[in-house]
Amino acid sequence: IFPTDNSSTIVVPVNINPMIGERPMDIGDAIGLFYLNDDNEWKCAGFSVWNGLDINITVYGDDLNTSEKDGYSINDTYTYRVWDGVLRTEWNATATYMVGNDFYTASGFSVLSGLFVHITVEVNIGLSAGWNMISSYVVPDNTDIEYIYSEIVANLNIAKNGYGEMYIPAYNVNTIENWNILHGYLVNMSQSSTLTITGDMVAPEETTIPLLEG
């Protein structure tokens, strides 16, 4: 971080419950604002360590008296990264706002209404020969049902959901089309395989499953 002659302030209120994947941010995690410099490298323009209270982040702008870009330019969109103190890694984050802009202005002031880190995970589902009943807590990066089963399609006889929609690769039948995180699936295999799904982990408290009568 290079303190410059101009800056803005971003407030992260504790009551917005910022999340890292499924868990709330904990003491020791950190929130940073990053910009691209002249060499197209990401640099930190300001950060604060989470302390369980409201935090203020001072974000430095580019000093026009220097030849290099050493902070945010006017109207640059804010880019957030979060340091995960538990997993010891850095994640990209998405912010929403209740006050102010999502871009840099000198002496600007913004208050977040939400801060979310979407963690990409991989789940491996073991499928036995014969019938299996499966679901997943991961929203696939690519929801196309044919893509999801592409690695094990040689062993797949049929996959179907509770609405009678089905995917039968041998007969080019596909009425499911896309994986639905709210659905369970019956899958019939000619031999055992492992289905791997990669995507964003679902936050259970934000994902309701409607149950119909019957």
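R81 is buried, at a relative accessible area of 18%, where buried means under 20% relative accessible area, exposed over 50% and partly exposed in between, with a 1.4 Å probe and protein chains only. Its salt-bridge partner is E90, with the closest N and O atoms 3.4 Å apart; a salt bridge is a side-chain nitrogen of Lys or Arg within 4 Å of a carboxyl oxygen of Asp or Glu. E90 itself is partly exposed, with a relative accessible area of 41%.

The model is predicted, so local features need pLDDT of at least 70 and side-chain atom pairs count only at pLDDT 80 or more, while totals for chains, interfaces and linings use all residues. Residues are numbered from 1 along each chain as its sequence is written, and side-chain values use heavy atoms, with hydrogens and water left out.

## Salt bridges

The whole structure holds four salt bridges.

| D29 | R23 | 3.0 Å |

Strands (E, at least two residues) and helices (H or I, at least four) are DSSP runs, numbered from the N terminus. R23, D29 and D84 are linked in a network of salt bridges. Side chains of opposite charge can pair when their charged atoms come close.

Strand β7 pairs with strand β4 (residues 30-36) in the antiparallel sense over five bridges; two strands count as paired if DSSP finds at least two bridges between them. Within this pairing, I31 stands opposite V82 of β7. Strand β7 also runs antiparallel to strand β8 (residues 89-99), to which five bridges join it. Here D84, a member of the salt-bridge network, stands opposite T89 in β8. The two strands β7 and β8 form a hairpin with four residues between them, and R88 in the turn has a positive phi of about 60°.

Strand β1 (residues 7-12) is joined by six bridges to strand β6 (residues 55-60), and the two run antiparallel. V12 stands opposite I55 in β6. With strand β9 (residues 109-117), β1 pairs in the parallel sense over three bridges, and V11 has V111 of β9 as its bridge partner.

## Nonpolar core and surface patch

The largest nonpolar core has 45 residues, of which I31, Y80 and Y149 touch the most other members. Such a core is a set of buried Ala, Val, Leu, Ile, Met, Phe, Trp, Tyr and Cys residues joined through side-chain atoms within 4.5 Å. Strand β10 (residues 120-127) gives the most to this core, with four residues. Not counting residues up to four places away in sequence, the residues touched by I31 include V12, I55, Y80, R81 and V82; contact means heavy atoms within 4.5 Å.

On the surface, I1, F47 and V49 form a nonpolar patch with about 280 Å² of accessible area together. Patches are made of residues with over 30% relative accessible area and no salt bridge, like charges being joined within 9 Å and nonpolar side chains (Val, Leu, Ile, Met, Phe, Trp, Tyr) within 5 Å. Accessible areas come from the Shrake-Rupley method with a 1.4 Å probe, and for residues only the protein chains shown count as cover. V49 is found in strand β5 (residues 42-49) and is partly exposed, at 43% relative accessibility.

## The five-stranded open sheet

Five strands form an open sheet in the order β11-β16-β13-β14-β15, with antiparallel pairing. Its edge strands are β11 (130-134) and β15 (173-174), each of which pairs on one side only. Two bridges join β15 to strand β14 (residues 166-168), and these strands run antiparallel; the bridge partner of I168 in β15 is V173.

Strand β16 (residues 185-189) contains Y185, a buried residue at 1% relative accessibility. Leaving aside neighbours within four places in sequence, Y185 is in contact with residues including N132, M133 and I134, as well as K160, N161 and W179. Y185 and G108 lie 77 residues apart in sequence and 50 Å apart in space, C-alpha to C-alpha.
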